[in-house]
Amino acid sequence: MRAVRNTDQGILVAEADEPEVPGVRLTVASAGICGTDVNFAAGGVQGYTYGHEFAGTDADGRCYAVEPTVYCGVCGQCRAGHVQRCAAPEHGTLGIFRDGGMCDAVTVPENMLVPLPDGLDVRDACLVEPASVAWHGVRGAALTPGERVAVVGGGSIGLLAAAAARQRGFDVDIEVRHKHQRIAAERLEAGSAEGLYDVVIDAAGSETGLARCAELARPGGRVVLLGVYQHTIPLPGVVSLVKELTYVHSIAYSRHDGIRDTEQAAALLAGNPTIAQTVITHRFPLDEAAEAFRVAGDRASGAIKVVLHP
C-alpha cells in the first residue's frame, strides 16, 4: 500500500506493507496535516508513516474518525478518564513516532473508533482529532456565564477553539496574523480582539503570541496553553506576576463522565458544517503529499488545514 514517510529526500509516498495487527481495518478517506507533522518533517524525523488526524470506512461501509491515543486503560490516569496521561510504557499516539494514518488503509484497536454522527462527512472527519484538542482546552478553561474569551492564533486549532467556545454559548474574539485567517474567523462569527478578557487561549505557540495572551488577559485572568513549546515555555514574567495570571495546561483529549472529547468534537463538527468548510482550505491526493506538506508549511499561502485523500 501507499504510505507517507519522511526520508533524506523529504516527504515521499512509499510502498509499505500493511501491518497484520488485531483491530478494525479502515480504508482511509481523509488525513489532515498537523503543524507537528510539518515541524517533524522539516526536522528530519523519520522511521514511520505520518498522520495522527485521520478518518476512514470499515469493510461494512461504516465511517469513523480515529482517536489515535495508545493507552493501557488500567493505570490510575486511564481509569480516571485521562488517557492522554497514561502512565504505561506503551502510551503514545498513532502517527507520532509510530505508524499513523497517511496511507491507503490502517488497522486500529476498536477503542480508537469514533462513530461519525449524521451530518459529518468522512472526508471532513480528519478534523475530529484537532477539534478534540480545541474542545479539551476550552473545557479546561472552566468558563462561566458572562466571561469574555479571546484566542491568539488563527490556525486550525485557534479557529476550532473559537468554534468550540461559540458552541458553548460564549462570544469569542480572535487575533490572527493573516488576511485569510481573519476571513475564516468572521465566517465562524469570531470578532477581533480588543480590551481585556477573562480567558485567553494560546493557539500560537510562540513567544510573541504568549506575550500577547498575557497582555489581553484581565488581572486574575486565565491563559489556556494549546500552543506547543518544545523546550521552555516563555512566560512573560512581570505582567503575569502583576496580574496574578493563572496558566492552564492542556494536551490532547480525555473522557469526562464517560463521554469522550472526540465524540463531542464530532458532534460539534456535525452540528455546524461551516466549521469544516472554513477550516479545510486545501485538499490533495495522497500521491501529492510532498506538495501538500509544502503548502501546509507556508502559513502565508492561504492554507489553514491541508487534507490528504485517496
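Buried pairs and a packed helix

Q: Which residues of helix α5 are buried?
A: This is a predicted model in which local features need pLDDT of at least 70, side-chain atom pairs count only at pLDDT 80 or more, and totals for chains, interfaces and linings use all residues. Residues are numbered from 1 along each chain as its sequence is written, and side-chain values use heavy atoms, with hydrogens and water left out. Helices (H or I, at least four residues) and strands (E, at least two) are DSSP runs numbered from the N terminus, and buried means under 20% relative accessible area, with exposed over 50% and partly exposed in between (1.4 Å probe, protein chains only). In α5, residues 179-187, the buried ones are His180, Gln181, Arg182, Ala184 and Ala185.

Q: What do the buried residues of α5 pack against?
A: Contact means heavy atoms within 4.5 Å. The partners of these buried residues are α4 (156-167), β11 (172-175), β12 (191-192) and α9 (274-279).

Q: Which residue just after α5 takes a positive phi?
A: The angle is about 65° and falls just after the helix. The residue is Glu189.

Q: How many salt bridges does a search of the whole structure find?
A: A salt bridge is a side-chain nitrogen of Lys or Arg within 4 Å of a carboxyl oxygen of Asp or Glu. Side chains of opposite charge can pair when their charged atoms come close. The search finds 21.

Q: How many residues apart are Lys305 and Glu53?
A: These two form a salt bridge, with the closest N and O atoms 2.9 Å apart. Lys305 is in strand β19 (residues 305-309) and Glu53 in strand β4 (residues 53-57), so the pair links distant parts of the chain, 252 residues apart.

Q: Is Glu67 buried or exposed?
A: Glu67 meets Arg255 in a salt bridge (2.7 Å, N to O). Glu67 belongs to the loop between β5 (63-66) and β6 (69-70), and Arg255 to strand β16 (residues 255-256). Because its relative accessibility is 2%, Glu67 counts as buried.

Q: Which residues are linked with Glu67 in a network of salt bridges?
A: Arg255 has 14% relative accessibility and therefore counts as buried. The network joins Glu67 with Arg255, Arg260 and Glu263.

Q: How many residues apart in sequence are the parts tied together by Arg222 and Glu147?
A: The side chains of Arg222 and Glu147 meet in a salt bridge (2.7 Å, N to O), and both residues are buried. Arg222 lies in strand β14 (residues 217-225) and Glu147 in the loop between α3 (128-140) and β10 (149-152), so the parts they tie together are 75 residues apart.
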